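Trainee: I have this one open on my screen, so please walk me through the fold with me asking as we go.

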Amino acid sequence: MVKTVLFVDDEPKVLEGLHRMLRSMRREWRMGFVTSAMEALKVLDKEAVDVVVTDMRMPGMNGVEFLTQVMKRHPDIVRIILSGHSDREMIMKSVPVAHQYLAKPCDAEVLKSCVARACALRELLADPLLKKVVSRMGCLPSLPSLYAEITEELRSPDASIQRVGEIISKDVAMTAKILQLVNSAFFGLRRRVANPAQAVNFLGLETIKSLVFAVQIFSQFEGRKLHGFSLEALWDHSMTVAAFARMIAREEEAEPMVIEAAFMAGLLHDLGKLVWVINFGEAYMSVLAEAQQRRIPVQMIEREHFGTSHGEVGAYLMGLWGLPDNMVEAIAYHHSPGTLPSPGFSALTAVHAADILTHDLQKNSPVFIQQEVDSDYVEAAGVADRLPHWRKLCENSMAGEEL
């Protein structure tokens, strides 16, 4: 299906350059080019648009003010900033409203790849309402205890960047947000970072303080207690899957970037459940209860009720936030890895196996429902004979050995 992309920049020559640069995409994208935010809003009110790419500094209404309006009026549209603007205060203000930030001058292939990826992601979620709900999320809530820890540490006169990195690494929501920021061009870093502690080091303590206290990139879970759902249990499960996935990847002597992606995707693999808990509270509790009552994996009941699973929901959000493809893929398909052609062992293989083994070894969990490893998939990946060894490793770790 042809996607619609709207470019907004007050410099006609910049728009002419973009038009020439992207001519090869005209069969895949229907492109519009306008010279002001007001004109762009009129277009959006009349036409369905998938992605907007806007400059930051424009007369009348700047890029941040424009994207704020887009988020309010058309929350399902993917919002990307393409700017050479280097005002730090303005960049900070754009963090809550932009999904991604690209710096001018931008390589043609980088721009094409970013927009094409955003367009492809929209196929993950078919429901327009769900797409709107996920697209407008600027942050996810953290465990209250970890949120208190991070704010206390950052307010301390002896705040330690190492300690801040350790706290963020323990929290699913903080990890996701910090990886979004460090992997975009918001702060001018050009290398891909998949480790939250490294991300904190790159950004620096003062930037982290500004992001937390002025921009409020983190928040704590303040919803009322929902029967049948435990935020602490979700965090505990996510940390265990992450550790198991990293251990399995190391055991297979995977490349360092695969090991890192396996850990991070393991940590983030269930954040789609958090999205549903925040936005659909009681309705999602009914899904969890039905899964228990019918003894059917929750992702199957999710599909019956919402037409998609928590894997795709989490992957959609992480894709919008610009996390690496191998992590987004592992989050999306951790319950159905056979959906993708198997290229051999990958972060997806590690997360799929780690998730199944974690559920299996935590049989005393009130939400335990027996699930099986996708045997066809692991056979095709050439690692079927490794499953008993992985299980033994995880059992030993669960019994108290170091992960």
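Mentor: We will take the sheet, then the cores, and then some helices and single residues.

Mentor: This is a predicted model, in which local features need pLDDT of at least 70 and side-chain atom pairs count only at pLDDT 80 or more, while totals for chains, interfaces and linings use all residues. Residues are numbered from 1 along each chain as its sequence is written, and side-chain values use heavy atoms, with hydrogens and water left out.

Trainee: Okay, the sheet: in what order do the five strands come?

Mentor: The order is β2-β1-β3-β4-β5, and the five strands form an open sheet with parallel pairing; two strands pair if DSSP finds at least two bridges between them. Strands here are DSSP runs of E with at least two residues, and helices are runs of H or I with at least four, numbered from the N terminus.

Trainee: Which are the edge strands?

Mentor: Those are β2 (29-34) and β5 (100-103), each of which pairs on one side only. Direction ignored, neighbouring strands of this sheet are turned by 20° against each other on average, with axes taken as lines fitted to C-alpha atoms, for helices over the stretch in contact, and angles running from 0 to 180 degrees between N-to-C directions.

Trainee: What packs on it?

Mentor: Helix α1 (residues 12-21) does, touching β1, β2 and β4 (78-83), and its direction makes about 170° with that of β2. Helix α2 (residues 37-46) also packs on the sheet, touching β1, β2 and β3 (51-54), at about 160° to the direction of β1. Touching, or contact, means heavy atoms within 4.5 Å.

Trainee: How many bridges are there between β1 and β2?

Mentor: Strand β1 (residues 3-8) pairs with β2 over six bridges in the parallel sense, and T4 stands opposite R30 in β2. Four bridges join β1 to β3, again running parallel, with V52 of β3 as the bridge partner of L6. Moving across, β3 and β4 pair in the parallel sense over four bridges; V51 partners V78 in β4, and V53 stands opposite I80.

Trainee: And is β4 covered or open?

Mentor: β4 is mostly covered, six of its six residues being buried, where buried means under 20% relative accessible area, exposed over 50% and partly exposed in between, using a 1.4 Å probe and protein chains only. V78, I80 and L82 point one way from the strand, and R79, I81 and S83 the other way.

Trainee: Switching topic, which residues touch the most other members of the largest core?

Mentor: Of its 123 residues, they are L140, I178, W235, L268, Y284, L317 and M318; a nonpolar core is a set of buried Ala, Val, Leu, Ile, Met, Phe, Trp, Tyr and Cys residues joined through side-chain atoms within 4.5 Å. A second, separate core has 25 residues, including L44, V64, L67 and V97.

Trainee: What does L140 touch?

Mentor: Not counting residues up to four places away in sequence, L140 touches A173, S219, L271, L274, V275, I278, L317 and W321.

Trainee: Which residues are buried in α8?

Mentor: In helix α8 (residues 161-169), V164, G165, I167, I168 and S169 are buried, and among the elements covering them are α7 (144-155), α9 (172-182), α12 and α13.

Trainee: Last one, is D270 buried or exposed?

Mentor: D270 counts as buried because its relative accessibility is 2%; its place is in the loop between α13 (256-268) and α14 (271-294). Leaving aside neighbours within four places in sequence, D270 is in contact with L234, H237, S238, H310 and H334.
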